[in-house]
Amino acid sequence: MASARLIIEQLCGCGITDVVTLPDNASKALLAGLAARADIRVVGVTREGEAWAVASGLWIGGRTPAVLIQNTGFLESGDALRGTAMRMRIPLLCLLTYRGYATLPATKERLASAPVDGRMLSRPEIDSCALLFEPTLQAWGMPYDFLHDDADVAKIPLTVEVARLCGHPAALLISRDTT
Amino acid sequence: MMTKDEVFAPLARVRGDAVVVTTMGAVRPWARHSSSALDFASADSAMGHAADLALGLALARPERKVICLNGDGSMLMSLGTLVTIVAAGVRNLVLFVLENRTYEITGNQPVPGAGAVDFAALARGAGFRRVYAFAEANDYAGHVAEVLQGEGPVLVVAAVAPGDDGPLRRGATESERYLRPSLAESAHQMRRELEKT
């Protein structure tokens with residue numbers, strides 16, 4: 001598990017000015033920590049597609065926003081991501097919480113880069129959202145890495161740099177609840 | 001009911017240094033009245049996301065007005081944005097809903113609830129500070145300066161006749177200046193333009 005405090009310290013260090021978000025359980029501690037800060041504005045949205053458009057507008061206006069949403073909302077918001085941040089080449093840091101990560105089957109059955117076997121989407125022991133998540137990120141051409149625990153928090157500035165170099169969003173996948 | 005030109009001509013005269021975000025059937029008609037570097041066409045982009053893009057701009061630039069020329073079909077795609085705008089506490093956003101009751105770009109098919117949806121009531125219910133509805137050109141022209149003054153967020157419902165604006169494209173041969181660059185180039189140009197001030 002990753003410490004919300006450490007994540008927020010890294011966000012501040014990267015000059016993140018705004019976090020555009022729709023909460024979930026994994027981001028609960030992180031959002032509680034952000035709410036106590038005056039130097040990062042939290043912008044809540046009603047649906048994840050809005051997050052990409054609001055963040056894109058913030059960036060065009062000169063800010064340095066990040067998007068914090070769950071993978072379910074990421075899947076729901078695909079066309080908004082395509083038509084705003086990706087199409088506009090906005091270098092966004094995306095913090096995407098990975099619902100169902102622990103339910104993913106062993107590597108032999110599922111490789112992140114392999115096509116999804118449609119029959120697995122109905123298996124009750126597997127979170128189908130998790131199954132589709134990484135293949136979808138790859139389909140979008142969005143670079144990503146994992147934020148499992150405190151040791152991974154240092155990846156935040158690296159991901160910001162990846163986004164800057166790519167000229168489009170790059171993601172860190174938060175696989176466990178923040179604390 | 002007004003024409004789009006009857007809405008845009010008076011607005012262009014009073015917009016000052018406001019950023020204007022257009023989308024769908026407003027993109028080309030607005031360009032007949034303005035060629036400002038502070039105009040941004042949300043074209044070749046994501047449907048229904050001009051208002052939330054404008055919200056981001058308004059939050060980033062609280063010192064200047066941001067005007068969004070949205071359509072009723074586009075607004076219906078993201079009604080939650082009305083709530084998001086108010087909850088964000090933005091004071092400098094003026095959101096037009098050009099209500100032509102159709103998806104004009106795709107051939108004027110009726111939008112769901114055409115003529116029955118009360119966008120002004122939806123905005124009031126979401127908590128918009130000021131809400132206007134205009135259907136007559138002289139009435140609108142007499143109030144448009146007032147609309148832009150004072151604190152928002154402001155929602156303006158403008159009843160307009162359906163036009164015949166077709167699908168939008170971007171490219172060097174487009175007659176409208178702000179459709180010549182790619183969407184990415186436009187976004188980056190606007191950021192640079194705003195950095196000047």
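**Figure 1. Contact between chain A and chain B in the predicted model.** Chain A contributes 26 residues to the contact, and chain B contributes 27 residues. On the side of chain A that touches chain B, the elements giving two or more residues are strand E2 (41-44), helix H3 (48-60) and helix H5 (78-86) of chain A. H3(A) gives the most to this side, with 9 residues. By residue class, the side of chain A that touches chain B comprises 10 nonpolar, 9 polar and 7 charged residues.

**Figure 2. Open sheet of 6 strands in chain B.** The strands of chain B follow the order E2-E1-E3-E4-E8-E7, and their pairing is parallel. Strand E2 (39-42) and strand E7 (130-134) of chain B form the edges, each pairing on one side only. On average, neighbouring strands of this sheet are turned by 15 degrees against each other, direction ignored.

Figure 3. Opposite Phe134(B) stands Ala158(B), a residue of E8(B).

**Figure 4. Packing of helix H6 on the sheet of chain B.** Helix H6 (residues 119-126) of chain B touches strand E4 (93-99), E7 and E8 of chain B. The direction of H6(B) makes about 180 degrees with that of E7(B).

Key. Residues are numbered from 1 along each chain as its sequence is written. Chains are lettered from A and ligands numbered from 1 in the order in which they are written. This is a predicted model: local features need pLDDT of at least 70, side-chain atom pairs count only at pLDDT 80 or more; totals for chains, interfaces and linings use all residues. Two strands pair if DSSP finds at least two bridges between them. Helices (H or I, at least four residues) and strands (E, at least two) are DSSP runs, numbered from the N terminus. Axes are lines fitted to C-alpha atoms, for helices over the stretch in contact, and angles run from 0 to 180 degrees between N-to-C directions. Two residues are in contact if their C-beta atoms, placed from the backbone, lie within 7 Å. Ala, Val, Leu, Ile, Met, Phe, Trp, Tyr, Cys and Pro count as nonpolar, Asp, Glu, Lys and Arg as charged, and the others, Gly among them, as polar.
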